[in-house]
Amino acid sequence: MTQPAIGDAFGEMIRDAYAVHTGVGRRPLAGGRYPRPVIEVIEREDGLINGAPAAHYLSGPDEWRSFDHRAVRLSRGRVLDIGVGAGRIAIELQRRGMAVTGLDTSAGAIEVSRERGLRDTVLATVDEFSRATVRYDTFLLLGNNLGLLESAERAPVLLAALARLAAPGARIVAQGADPYGTTDPLHVSYHESNRARGRLGGQLRLRLRYRELATDWFDYLNCSVSELESLLSGTSWRLKSIDQQDRPYYVAVMELME
């Protein structure tokens, strides 16, 4: 079987989703005149495949879930939106008059977010950007991007990088999902396999595929609130509050310790 080329699969997907959304530019066709829906395909290391329409990356506030609105209201001061994607959160904060920077590792995503009007963008990893001199009051990890903590090994490294970028009293506002309420045997067995390998149960090994491209494999963490508290132990951050109104989804606020 031919393996997909490794590249900016996320960026290509976002570009096509934006073209379908606006009706301008290259649009993927299904053998005819009409654009087909752009589907995000996620492949897990055990072979599980999931797919969902990519249009949600372009959604406006009227289409957001309730926890997105509550999370956004927690933003203050200068904001760094990590994993900005097509800019759905950052563009709304900018519209409200807030100083917001969108950071992503996908060149295609940064391109689309800029085309949509986001003025301040950075193409880099958090680690690379942590050498910058700018300081932020709020770090956003929305759209389930608490998953960017990746693992027990990676989490303190990412949190230390954010601390280097943090103004006094800074906060992280992150949306995550507790994976352990499921009874789906595919997920339950995967959690058990992870634990047997010394990994957190909800530590996913994934790659994104779109058309002929795939990303490199990466870790992405779904964790319980108690696991999040353990990950914060020994770092510069403490858990201030948890909003669990929409279980299994939650919004965590973490504050920089003085």
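This is a predicted model: local features need pLDDT of at least 70, side-chain atom pairs count only at pLDDT 80 or more; totals for chains, interfaces and linings use all residues.

Q: Which ring does the charged end of Arg44 sit over?

A: That of Tyr190, with 4.0 Å to the ring centre.

Q: Now ring on ring. How many aromatic pairs are there?

A: The count is six aromatic pairs. One of them joins Phe67 and Tyr249, with 5.4 Å centre to centre and 40° between the planes, which makes the pair tilted.

Q: Where in the chain are Phe67 and Tyr249?

A: Phe67 is in helix H2 (residues 66–72) and Tyr249 is in strand S13 (residues 249–256). They are 182 residues apart, so this pair links distant parts of the chain.

Q: Phe67, buried or exposed?

A: Phe67 counts as buried because its relative accessibility is 6%, under the 20% cut-off.

Q: Why do Phe139 and Trp237 count as buried?

A: Phe139 counts as buried because its relative accessibility is 0%. For Trp237 the value is 1%, so Trp237 counts as buried too.

Q: Which residues are in the cluster with Phe139 and Trp237?

A: Phe129 and Tyr136; ring pairs link them with Phe139 and Trp237 into a cluster.

Q: Switching to backbone. Which residues does the cis peptide bond join?

A: Arg247 and Pro248, with omega at about 10°. Pro248 is placed in the loop between S12 and S13. S12 is the strand that holds Trp237, and S13 holds Tyr249.

Q: What about phi of Asn144?

A: Phi of Asn144 is near 65°, a positive value in a residue other than glycine. Asn144 is found in the loop between S7 and helix H6 (155–164). S7 is also the strand of Phe139.

Q: And Arg211, where does that lie?

A: Arg211 lies in the loop between strand S9 (203–210) and strand S10 (213–214). Its phi is positive as well, about 50°, although Arg211 is not a glycine.

Q: Is Arg211 buried or exposed?

A: Exposed, because the relative accessible area of Arg211 is 52%, and the cut-off for exposed is over 50%.

Note on methods: Residues are numbered from 1 along each chain as its sequence is written. Side-chain values use heavy atoms; hydrogens and water are left out. Rings of Phe, Tyr and Trp (its six-membered ring) pair if their centres lie within 6.5 Å; planes under 30 degrees apart count as stacked, over 60 as edge-to-face and the rest as tilted. Helices (H or I, at least four residues) and strands (E, at least two) are DSSP runs, numbered from the N terminus. Buried means under 20% relative accessible area, exposed over 50%, partly exposed in between (1.4 Å probe, protein chains only). A charge sits over a ring if NZ of Lys or CZ of Arg is within 6 Å of the ring centre and within 35 degrees of the ring normal.
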